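Visitor: I would like to learn to read the features of a model one at a time. Could you give me the general idea each time, and then the case at hand?

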Amino acid sequence: MLSFVIPVYKTPEQLLRNCLDSVLRYSQPMELICVLDSPGDPCEQVLDEYAAKEPRMRLLKNDQNRGVSFSRNRGMDAAMGEYLAFVDADDEIIAETYEKAAALAVEKKVDGCAFTSGKPNVARYGVKYGESVVGTIKDRAVAKVLARGYSMAVFPMVLRRGLLVEKGIRFLQGHRYGEDFMVVVKILCTGGRFAYWNLTGYKYVGHPDSACRCAPNTERYTHGLIAILTVLRMVASVDADAETRRWYLSVCLPMVLFDRTAVRYVKGMARWDYCANLKALAKLMVGGYANLFRTPSRLVFGVVQRWPKLWFLPGMPFSQTLRFFNHFGLMLRRV
């Protein structure tokens with residue numbers, strides 16, 4: 001059985017109905033767990049209506065707004081299915097793809113099966129449309145495919161619930177930016193076997209008032225840096241091959257280096273925390289990832305490690321220096 005977990009927070013009524021209808025088209029044994037994180041808003045009426053007429057649906061209500069991580073954890077704790085699927089309340093799924101993914105996960109005896117939200121009939125990461133690969137994050141032949149296929153969000157994929165329970169994998173409460181990126185990488189780093197199937201199964205819709213888009217700017221940068229630091233530490237700890245580590249660097253570092261608005265928004269005590277994490281990130285870059293960087297970049301990271309507050313000086317910032325190196329192919333070595 002597949003358990004769908006949907007946290008609901010101030011989702012426009014029509015988007016919520018579209019989401020629920022798409023999930024309820026799933027024709028195999030399933031349960032739908034909705035966690036209402038915004039008591040009293042119109043979402044509650046819609047969820048009550050669906051719960052009253054749909055026996056496969058269970059509705060949980062938080063006593064107050066507790067955030068998406070709390071709601072996902074609560075839904076995960078309540079789930080009874082062998083596999084889990086997380087869905088955002090403003091998105092839609094293709095139920096047939098989820099049915100195929102769950103069947104493949106059982107057939108191949110894997111801990112998870114990811115698919116895509118992109119256009120159909122397009123080859124991705126060297127995998128033809130309709131084909132699948134199976135392996136671990138340490139298998140050089142498929143590691144980068146898994147890293148890209150599982151990407152930065154907990155959808156679109158189905159995950160073995162027992163793995164999350166056995167490894168104590170939870171969403172970090174209080175974080176609204178990068179929380180699922182950390183969970184996905186932690187799952188990959190368990191050493192389990194995973195599948196990536198190049199099938200389209202998820203439709204991102206979203207709306208301007210979603211929790212992620214409404215995250216305060218300070219949280220966006222401080223939480224984002226924590227997520228990046230956590231992810232790169234985990235990838236280094238499992239001794240992933242150089243090509244996979246290089247791919248994660250190419251995804252994570254631009255988030256820190258290319259957006260100068262962090263300097264404008266991260267102030268006060270948050271800046272002290274940001275500098276502490278920036279120092280830890282620089283230490284990791286000249287430590288566990290040093291062999292992937294060229295000498296100029298290692299030197300600049302060495303300076304940042306020693307004096308992280310220089311990151312916030314006006315004028316020509318260190319992030320722009322590193323961006324210059326990256327632009328001309330001088331930051332990362334080829335592997």
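**Reading the model**

Guide: Gladly! Let us start with Tyr-125, which counts as partly exposed at 36% relative accessibility. The scale is simple: buried means under 20% relative accessible area, exposed over 50%, and partly exposed in between, with a 1.4 Å probe and protein chains only. Please keep in mind that this is a predicted model, where local features need pLDDT of at least 70 and side-chain atom pairs count only at pLDDT 80 or more, while totals for chains, interfaces and linings use all residues. Residues are numbered from 1 along each chain as its sequence is written, and side-chain values use heavy atoms, with hydrogens and water left out.

Visitor: What is the phi of Tyr-125, a residue other than glycine?

Guide: First the background: most residues other than glycine have a negative phi, and most peptide bonds are trans. Tyr-125 has a positive phi, near 55°. You will find this residue in the loop between strand 6 (112-116) and strand 7 (132-135). Helices (H or I, at least four residues) and strands (E, at least two) are DSSP runs, numbered from the N terminus.

Visitor: Next, helices. Which residues of helix 2 are buried?

Guide: In helix 2 (residues 42-53), the buried residues are Cys-43, Val-46, Leu-47 and Tyr-50. Viewed down the axis of helix 2, these buried residues fall within an arc of 95°, so they line one face of the helix. The arc is that of the directions from the helix axis to the C-beta atoms.

Visitor: Which residues are exposed on the other side of helix 2?

Guide: Gln-45, Ala-52 and Lys-53 are exposed there.

Visitor: How many salt bridges are there?

Guide: A salt bridge is a side-chain nitrogen of Lys or Arg within 4 Å of a carboxyl oxygen of Asp or Glu. By this rule, the count comes to 17. One of them joins the side chains of Asp-63 and Arg-66, at 2.8 Å from N to O. Asp-63 is exposed, at 57% relative accessible area, and Arg-66 is partly exposed, at 36%.

Visitor: Are Glu-179 and Arg-72 buried or exposed?

Guide: Both are buried. Their side chains meet in a salt bridge as well, at 3.0 Å from N to O. Glu-179 lies in helix 7 (residues 179-188) and Arg-72 in helix 3 (residues 68-78), so the pair ties together parts that are 107 residues apart in sequence.

Visitor: Which residue does Lys-100 pair with in a salt bridge?

Guide: The partner is Glu-96, with the closest N and O atoms 3.6 Å apart. Lys-100 and Glu-96 both belong to helix 4 (residues 95-108), four residues apart, about one turn of the helix. Each is partly exposed, Lys-100 at 38% relative accessibility and Glu-96 at 48%. Elsewhere, salt bridges that share partners join Glu-13, Arg-17, Glu-49 and Lys-53 into one network.

Visitor: Finally, sequence and space. What separates the C-alpha atoms of Leu-199 and Phe-115?

Guide: These two residues are 84 residues apart along the chain, and 5.4 Å separates their C-alpha atoms. Leu-199 is part of strand 9 (residues 194-200) and is buried, with a relative accessible area of 11%.

Visitor: And what separates the C-alpha atoms of Leu-257 and Val-165?

Guide: For that pair, 92 residues apart along the chain, the separation is 35 Å. Leu-257 is in helix 9 (residues 242-257), and this leucine is buried, with 3% relative accessible area.
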